[in-house]
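Keep the model open while you read. The text moves from one group of side chains to the next.

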Amino acid sequence: MKSKVVVEDAFVYSEEKNLTVRKTSLFFTGDGFTAYDCKGNLVFRVDTYGPDSRDLGELVLMDATGRCLLTVRRKRPSLHNRWEGYLGEREEGKKPIFSVRRSSIIGRSNVTVEVYSNPIEEYQIEGSFAQRNCTFFNADKISVAEIRRKVDACANVVLGKDVFSLSIKPGFDSAFAMGLVLVLDQIQVDELPGNRVDADPIPDDPSLSS
């Protein structure tokens, strides 16, 4: 597969890269993340943003040193839960480098990603992020990354959903893949009962009125 740099070429590897992703807080759905390589080295982190700052709809992906790599931001208003990604820190007037939108299939994270390169490239994310079981495909339907439940090899047991595996194929930008994980997590949050940001109001039923 031809190498695809979206965020930074330092995170594009010649061999498959397997990351262990952990949620850094168990108290709120959508809190921070850390991602480690197979040697236990920190690769990416997202500081806890909690329920209040989460409403701002903007998340920052950093490397191990705290350098801002990517900012993802919810586009409002949006009929299809659309997010946009910006290289580094988002600034006024800065143009996004990609966008993400959810499909109309409720309960599954079928998502379309458009990268604003020349020409525009499209990716599909199919499966269920809530179950930690989804695959990223390029336009040729070739898998470029996968999210799976993490298995403890020593105990041979499946770990909880707050720890999962992100496998990135050779040539695919792992920082870009991790940025998409942040968006998938927020889409899952938005689909929880009472959190749908794009849901239409339910009209009153006249038959129930007194």
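Both Phe129 and Phe164 are buried, where buried means under 20% relative accessible area, exposed means over 50% and partly exposed lies in between (1.4 Å probe, protein chains only). The model is a predicted one: local features need pLDDT of at least 70, side-chain atom pairs count only at pLDDT 80 or more, and totals for chains, interfaces and linings use all residues. Residues are numbered from 1 along each chain as its sequence is written, and side-chain values use heavy atoms, with hydrogens and water left out.

Start with the aromatic rings. The structure holds seven aromatic pairs. Rings of Phe, Tyr and Trp (its six-membered ring) pair if their centres lie within 6.5 Å; planes under 30 degrees apart count as stacked, over 60 as edge-to-face and the rest as tilted. One of the pairs joins Tyr123 and Phe176: the centres are 6.1 Å apart and the planes stand at 70 degrees, so this pair is edge-to-face. Tyr123 lies in strand E9 and Phe176 in helix H2, so the pair ties together parts that are 53 residues apart in sequence. Helices (H or I, at least four residues) and strands (E, at least two) are DSSP runs, numbered from the N terminus. Tyr123 and Phe176 are both buried. Now return to Phe129 and Phe164: with ring centres 5.8 Å apart and planes at 85 degrees, this pair is edge-to-face. Phe129 sits in the loop between E9 and E10, Phe164 in strand E14 (residues 163-168), and 35 residues separate them. Ring pairs also link Phe98, Tyr123, Phe172 and Phe176 into a cluster.

Next comes Arg132. Its place is the loop between strand E9 (121-128) and strand E10 (133-137). The phi of Arg132 is near 55 degrees, a positive value in a residue other than glycine. Most residues other than glycine have a negative phi. Is Arg132 buried or exposed? It counts as buried because its relative accessible area is 4%. Yet Arg132 has no salt bridge; the nearest side chain of opposite charge, Asp185, is 4.8 Å away. Here Lys and Arg count as positive and Asp and Glu as negative; His and the chain ends are not counted. A salt bridge is a side-chain nitrogen of Lys or Arg within 4 Å of a carboxyl oxygen of Asp or Glu. What the side chain of Arg132 does reach is the backbone oxygen of Phe129, at 2.8 Å. Leaving aside neighbours within four places in sequence, Arg132 is in contact with residues including Lys23, Arg148, Phe164 and Gln188. Contact means heavy atoms within 4.5 Å.

Lys141 also has a positive phi, about 60 degrees, although it is not a glycine. It is found in the loop between E10 and strand E11 (143-149). Lys141 is partly exposed, with a relative accessible area of 47%.

Asp185 does form a salt bridge, with Lys23 (3.4 Å, N to O). This pair links distant parts of the chain: Asp185 in helix H2 (residues 174-190) and Lys23 in strand E1, 162 residues apart. Asp185 is buried, at 1% relative accessible area. Lys23 is buried too, at 11%.

How many salt bridges does a search of the whole structure find? It finds eight. Among them is the one between Arg67 and Asp63, whose closest N and O atoms are 3.1 Å apart. Arg67 counts as partly exposed at 38% relative accessibility, whereas Asp63 counts as buried at 8%. Glu8, Asp63 and Arg67 are linked in a network of salt bridges. Lys75 and Glu84 meet in another, at 4.0 Å, N to O. Lys75 is partly exposed at 38%, and Glu84 is buried at 12%.

Arg22 is placed in strand E1 (residues 17-23). Arg22 is partly exposed, at 40% relative accessible area. Arg22 and Thr34 are twelve residues apart in sequence and 5.3 Å apart in space, C-alpha to C-alpha. Not counting residues up to four places away in sequence, Arg22 touches Gly32, Phe33, Thr34, Tyr36, Asp162 and Val163.

Last, confidence. pLDDT is the predictor's confidence in each residue, from 0 to 100. The protein chain averages a pLDDT of 79, and 74% of the residues score at least 70. Over residues 50-55 the pLDDT is below 50; beyond near neighbours in sequence, this stretch has eight contacts in the model. Residues 192-210 also have pLDDT below 50, and that stretch has 15 such contacts. Where pLDDT is low, the predicted coordinates should not be read in detail.

Notes:
Polar contact = N/O pair within 3.5 Å; in protein donor to acceptor, adjacent residues only side chain to side chain.
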